[in-house]
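Visitor: I would like to learn how to read a few features of a protein model, taking each one first in general and then in the case at hand.

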Amino acid sequence: MATEIRSPLPGTFYRKPAPDQPPFVEDGAAIAAGDVIGLIEVMKSFHEVKAEAAGENIRFKLENEDAVTAGALLAEMD
């Protein structure tokens with residue numbers, strides 16, 4: 001069964017720390033609990049999105065700079 005990572009708040013989802021930087025996590029990567037997988041920007045404030053559990057083969061459901069609502073599915077992992 002896949003583990004889901006959901007948005008904690010509404011805003012804009014960023015997979016990269018800056019436009020000229022690589023993504024925090026690449027699709028298919030393994031991650032540890034507490035790893036930052038992206039940022040949510042709300043009114044010029046950036047909030048880290050962290051994995052609550054370890055997993056493998058992360059699959060993002062949104063692209064960089066997509067708008068999200070609170071509870072929106074950001075990624076799944078095995």
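Visitor: Is K44 buried or exposed?

Guide: Keep in mind that this is a predicted model. A residue counts as exposed when its relative accessible area is over 50%, and K44 is exposed because its relative accessible area is 72%. K44 is placed in the loop between β3 (36–42) and β4 (45–50), and its phi is positive, about 70°, although K44 is not a glycine. E65, in the loop between β5 (59–60) and β6 (66–68), also has a positive phi, about 75°, and is likewise not a glycine.

Visitor: How many bridges pair β3 and β4?

Guide: Strands of a sheet pair through backbone hydrogen bonds, in either a parallel or an antiparallel sense. Here β3 and β4 pair in the antiparallel sense over six bridges, and E41 has F46 of β4 as its bridge partner. The open sheet has four strands in the order β4-β3-β2-β6, with antiparallel pairing; β4 and β6 are its edge strands, each pairing on one side only. On average, neighbouring strands of this sheet are turned by 35° against each other, direction ignored.

Visitor: Which residues touch the most other members of the largest nonpolar core?

Guide: In soluble globular proteins, nonpolar side chains tend to be buried together. The largest nonpolar core has 16 residues, of which I5, F13, I31, I37, I58, F60 and V68 touch the most other members. The elements giving two or more residues to this core are β3 and β7 (73–77), and β7 supplies the largest share, three residues. Leaving aside residues up to four places away in sequence, I37 touches I5, F13, R15, F24, V25, I31, V49, I58 and F60.

Methods. Residues are numbered from 1 along each chain as its sequence is written. This is a predicted model: local features need pLDDT of at least 70, side-chain atom pairs count only at pLDDT 80 or more; totals for chains, interfaces and linings use all residues. Side-chain values use heavy atoms; hydrogens and water are left out. Buried means under 20% relative accessible area, exposed over 50%, partly exposed in between (1.4 Å probe, protein chains only). A nonpolar core is a set of buried Ala, Val, Leu, Ile, Met, Phe, Trp, Tyr and Cys residues joined through side-chain atoms within 4.5 Å. Contact means heavy atoms within 4.5 Å. Two strands pair if DSSP finds at least two bridges between them. Axes are lines fitted to C-alpha atoms, for helices over the stretch in contact, and angles run from 0 to 180 degrees between N-to-C directions.
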